[in-house]
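Work through the exercises below with the structure in view. Try each task before reading its solution.

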Amino acid sequence: MHFLTTIGIVLALIGIVLILVLKSPLKTSDKLLVVILVCFVIKFSLDEMSLIAGNTLFSSMAGLFGISTIATCSWYIKYLTDNDGSFGRKQLLIYIPLAVLTVCFWIPFFAFNASLESPYYRAMVILMIALIVFYFGFCVHMLRKHRQLIRANYSGAPGSITINWMIIIIALQIVDFLLKAVLARVITNYNTDINIISNEYCFIIMAFLLVVLGIWQKSIPVFIPTNEDISQSALQADDLKRYQLKIEKFMDSEKPYLDPELTIEKLSEQMRMKKLLLSQTLNKSFNKNFFNFIKDYRVRHVETELKNKSNEERTIMDIAYMSGFNSKTGFNRAFKEVTGKTPTEYIEN
């Protein structure tokens, strides 16, 4: 059993060193990744101490550090796009419930020598479960916001932009939580060792993914207008119509959507139009974000090319790639969303 905690500690330490060396100068997201791995080191160390001493106190402390990584993963997701943002007091507020729970958990134990089997600690466990659910919700919320930002700035989602691998991190922690709950009911002699073993396997996989994919993950620049910017550039109906016509004319004549790596920044530069005005026009006049706006043009271009007799020798995927799509899965999903049919169904009809 001890080798599991040793592997976890070594893996997290290697990850910390690699991040400090390979990603210098560190961005806020990189620093948060280091913090997560430090929490992993502490958690694995406390689990090791629990195994050596046979004291559930250390494994309980390890659990608190494990919970903290969920909230920190949420901030990591945020700061992958907020490259210039700083991590301050406002962000630390999310950890207050965990800090309060930790104090309430340890004061009775050290001050009054309370038993971990007492009703008080059973109530603490319920509160801990509630806090875990809250942090999971916060993490999912950050993932949704991240997806919205990507769709407002990028026309496609190549591997360096998507962070779907963070969903695996969240899922593993949920699996770990549920696994321990099931084992506690199924196994009659369920003890701390079994708890730690199931816990370590999940956290070792998480540490591995964070090290490998965290190092590979790039910062994702996005355009995020402030409330002040938006209020100062409120568009009137006449302005919206004018910008709408300008965008439609440019899309029809220049076909910028054929570029698979088109971003809202690229399009604004090509049109010599401010990003905020472009974004507002897409949202208000076309009622679409940037991703869906470009997706529609690409699908319509595919439809046009499919009807072109000069493309009879080309496959539908050849035409899709020519139209700006960069993956078969993304194309099939987009085509179905826009036309209501799969590419095969569309051709057959």
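**Exercise 1. Decide how far helix α12 is enclosed by the rest of the structure.**

Solution. The model is a predicted one. Start with the helix itself: α12 covers residues 275–284. Next, apply the cut-off: a residue is buried when its relative accessible area is under 20%. Seven of the ten residues of α12 are buried, so the helix is largely enclosed by the rest of the structure. Finally, name them. They are L276, L277, L278, S279, Q280, T281 and L282.

**Exercise 2. Describe the protein chain as a whole: its secondary structure, its burial and its contacts.**

Solution. Count the elements: there are 16 helices and zero strands. Then turn to burial. Of the 349 residues in the protein chain, 45% are buried. Now take the contacts with a separation of 6 or more: 71% of them join residues 24 or more positions apart. End with the surface. The chain exposes about 18700 Å², and carbon and sulfur atoms supply 61% of that area.

**Exercise 3. Classify the crossing of helices α6 and α13.**

Solution. Locate both helices: α6 is residues 119–153 and α13 is residues 290–306. Their axes come within 5 Å and cross at roughly 50°. Compare that angle with the cut-offs: under 35 degrees is roughly parallel, and roughly perpendicular runs from 65 to 115. The two helices α6 and α13 are therefore oblique to each other. On the α6 side, R151, A152 and N153 make the contact; on the α13 side, F290, F291 and N292 do.

**Exercise 4. Examine the backbone at P25, K255 and R272.**

Solution. Begin with P25, in the loop between α1 and α2. The peptide bond from S24 to P25 is cis, with omega near 0°.

Move to K255, in the loop between α10 and α11. K255 is not a glycine, yet its phi is positive, about 50°. At 31% relative accessibility, K255 is partly exposed.

Finish with R272, in the loop between α11 and α12. R272 also is a residue other than glycine with a positive phi, near 55°. At 80% relative accessibility, R272 is exposed.

Note on methods
Residues are numbered from 1 along each chain as its sequence is written. This is a predicted model: local features need pLDDT of at least 70, side-chain atom pairs count only at pLDDT 80 or more; totals for chains, interfaces and linings use all residues. Side-chain values use heavy atoms; hydrogens and water are left out. Helices (H or I, at least four residues) and strands (E, at least two) are DSSP runs, numbered from the N terminus. Buried means under 20% relative accessible area, exposed over 50%, partly exposed in between (1.4 Å probe, protein chains only). Contact means heavy atoms within 4.5 Å. Accessible areas come from the Shrake-Rupley method with a 1.4 Å probe; for residues, only the protein chains shown count as cover. Axes are lines fitted to C-alpha atoms, for helices over the stretch in contact, and angles run from 0 to 180 degrees between N-to-C directions. Angles under 35 degrees count as roughly parallel, over 145 as roughly antiparallel, 65 to 115 as roughly perpendicular and the rest as oblique.
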